[in-house]
Amino acid sequence: MNDLILMEHEASEVIRELKKHGYEAYYVGGYVRDKFLKRTIKDIDITTSAYPSIVMDLFSHTIPTGLQHGTVTVVMEQFHFEVTTYRTENEYVDHRRPKEVQFVNKLIDDLERRDFTMNAMAIDIHGKIIDPFGGKKDLNSKILRCVGDPLLRFSEDALRMMRAIRFAAEYDLQVEQNTWNAILLHREAIKHIAMERIYAELDRVMEGSNTKKGIQLLIDSELMNNTKENLHIQKSNWSAFSGHNVLNSFQSIHEGTIKWILLLLMLKIETNQIKPLLKKLKFPNQKIMKIYAVKQVINWLNEQTYSEKSWKEAVIIYGMDALKDLRTLLNALDHSYLSWLLLKMNEEELEIIQQKGMDWIEEIPIKHLRELEISGNDIVNLKQKSGPWIRIVLNQLLTEVALNELENKQKDLINRAAQIVRGMNEYE
Ligand code: ATP
Ligand code: MG
C-alpha cells in the first residue's frame, strides 16, 4: 500500500471508531477539496459531533492540540489526524480570532463557519459528499467564493483575504465578484493580522505553482500596502508591473527563494532596505541571508569587469550558492528585462554568469575558510592582541589560495600571514 492509501485507511478507522460509539464523523476541509480536484493530499482533517474529551478517551494516542477550539490530534501509526468537534464561532475579536467557540451538534453549522465554499464540504465514510454551499459547482466553474456574506466573513477574520489570494492563485480560480469587492472594501483590516501569518501566506504563493497569478492579485488588492508593519513599498512600484509579461518569469522559476529575489528586484527595493523589509515580514534569518547575498552579488557584478580573477573573488566573498542562485534567476528571465531590473549585464557577461564562470569556479581549489590548512589559532601570536584582523588575514589567505597564488600548506600560509600582518602594522 502506498502512503496515501495507508493514511486514508487509518483515517477511516478513526471515523469508524467514532461512529461505532454513536457519534457523527466526516472527512472535511482541504482533504475533501483536494480529493475532488485530484490534487496531492498532505493531510486528512476530520470533523465530529464528539466532544474533545470523548475523542481523547476513545483513542489510545492523542495530543490535545487545541482543546479550547475543539481540536484533538489522533495519532494512528505514523499519521496525525486533526479531529475537530463541530463548532460555530461567535463574536470575533481583533479581526482575527473568535472570542469563543461553541460546540454544536449539526454538521451544517460547522461547515457554515468555514471560509470558502470549496473548503466547506464534507465526505462521509461511504464517499458521499455533503456540500450545502455549492463548493463542487464552484470548483467546476473555477470560482472562489466565500461561505455567506463576504463582507461579514472578511470583517470577522481578515486573514481570509490572504487565504483567498493564496487559494485563487494555487487552484487558478476566479475570485467571485462579491468576494473580490469585499476584499477591496476591507483591505485595510489586513493591518490586524500578525506579520508571521502574512508571511506564511505569501510564502505559499511564492512556493506554489501559480505565483504569477498570486502576485497579480496582490497588486490588484493592494493588501500589501495595508499591513500591520508598513513595508514602505510604493504603490506605483507594485502597479508598474501589473499585467506585465515579466510576471511570466515567475512561472519559469521553481524555487521560492529565487522568486522572492525577482519580486524584490521588480519592486525596486534598495539593497539597504532588503534586510529590514524581510525582517518585518518575519523571514527566517537563513533565508534573509540567502536573498541578501544574491543582491550583493548583483551589486558587485554591476561594478566589475568580469575577469576570471574578480569572478573567483566573488565566490569567496559571497559564496557559491549566491552565484548559482543568480544564474538560476537569469536562466528564467527574458533578457529584455535585465536593464529594467537594474541588472547591468551584456551578452558576454551573461555567458560568464551562466557558463564560463561556473567552469572557472570548478577550478578553485578551496572555497571556505574551514578548508584552509591553518586556523586563527595558528596566527593569533603574530600580533599582540587578537581581533578582527585575524579574519581579515584568513580571508586574504583564502582568496590567494583560491586564485592559485598561494599553496594551501601550513608553512606557506603562516609565512604569508606574517607578511600580511607586517604590511598591516606599517599602516597602524
Ligand atoms: P491547506 O492545508 O492546503 O492550507 P486547508 O483547506 O486544509 O488547506 P487549513 O488551514 O488546514 O486549510 O484549514 C482547514 C480547514 O479549516 C479549511 O479547509 C477551512 O474549512 C477551515 N479554515 C481554516 N482557516 C480558516 C479561516 N481563517 N476561516 C474560516 N475557516 C477556516
Ligand atoms: Mg489542512
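Contact, on this tour, means heavy atoms within 4.5 Å. What you have open is a predicted model, in which local features need pLDDT of at least 70, side-chain atom pairs count only at pLDDT 80 or more, and totals for chains, interfaces and linings use all residues. Residues are numbered from 1 along each chain as its sequence is written, chains are lettered from A and ligands numbered from 1 in the order in which they are written, and side-chain values use heavy atoms, with hydrogens and water left out.

**Stop 1: aspartate 138**

Select aspartate 138, which is found in helix α5 (residues 135–140). Helices here are DSSP runs of H or I with at least four residues, strands are runs of E with at least two, and both are numbered from the N terminus. Is aspartate 138 buried or exposed? It counts as buried because its relative accessibility is 4%; the cut-offs are under 20% relative accessible area for buried, over 50% for exposed and partly exposed in between, with a 1.4 Å probe and protein chains only. Now show its partners: leaving aside neighbours within four places in sequence, aspartate 138 is in contact with Thr117, Phe133, Ile143 and Arg145.

**Stop 2: two residues with positive phi**

Step along to lysine 142, in the loop between α5 and β12 (143–144). Most residues other than glycine have a negative phi. Lysine 142, however, has a phi near 55 degrees. This residue counts as partly exposed, at 40% relative accessibility.

Then jump to histidine 232, in the loop between α10 and α11 (235–239). Histidine 232 is not a glycine either, yet its phi is positive, at about 50 degrees. With 61% relative accessibility, histidine 232 counts as exposed.

**Stop 3: ligand 1**

Next, select ligand 1 and display the residues near it (a heavy atom within 4 Å). There are 16 residues around ligand 1, and the closest are Arg33, Lys42, Asp157, Arg160 and Arg204.

- Arginine 160: a side-chain N or O atom is 2.7 Å from a nitrogen atom of ligand 1.
- Aspartate 115: a backbone N or O atom lies 3.2 Å from a nitrogen atom of the ligand.
- Glycine 30: a backbone N or O atom lies 3.4 Å from an oxygen atom of the ligand.

On its own, ligand 1 has 580 Å² of accessible area, and the protein covers 80% of that. Accessible areas come from the Shrake-Rupley method with a 1.4 Å probe, and for residues only the protein chains shown count as cover.

**Stop 4**

Colour residues 195–207, which make up helix α9. Its 13 residues reach 18 Å from first C-alpha to last, close to the 18 Å expected at 1.5 Å a residue; the expected span is 1.5 Å times one less than the number of residues. Among the buried residues of α9 are Tyr199, Leu202, Val205 and Met206. The helices they pack against include α7 (159–170), α10 and α13 (256–266).

Follow that to α10 (residues 211–221) and pick threonine 211. Threonine 211 is buried, at 0% relative accessible area. Its side chain makes a polar contact of 2.8 Å with the side chain of lysine 259. Besides Lys259, threonine 211 touches Val205, Met206, Phe250 and Gln251, not counting residues up to four places away in sequence.

**Stop 5: helix α18 and its surroundings**

Finish with helix α18 (residues 347–363). Where is the kink in α18 centred? Look at isoleucine 353, where the kink is about 50 degrees; the bend at a residue is the angle between axes fitted to the seven residues ending there and the seven starting there.

The cover over the buried residues of α18 includes α15, α16 (308–318) and α17 (320–332). Select leucine 326 in α17, which counts as buried at 0% relative accessibility. Among the residues that leucine 326 touches are Val294, Ile298, Met345 and Ile353.

Last, pick isoleucine 361 in α18. This residue is buried too, at 0% relative accessible area. Its C-alpha is 7.6 Å from that of valine 315, 46 residues apart along the chain. Isoleucine 361 touches residues including Trp311, Val315 and Leu323.

Notes:
A polar contact is a pair of N or O atoms within 3.5 Å; within protein, one must be able to donate a hydrogen and the other to accept it, and residues adjacent in sequence count only if both atoms are side-chain atoms.
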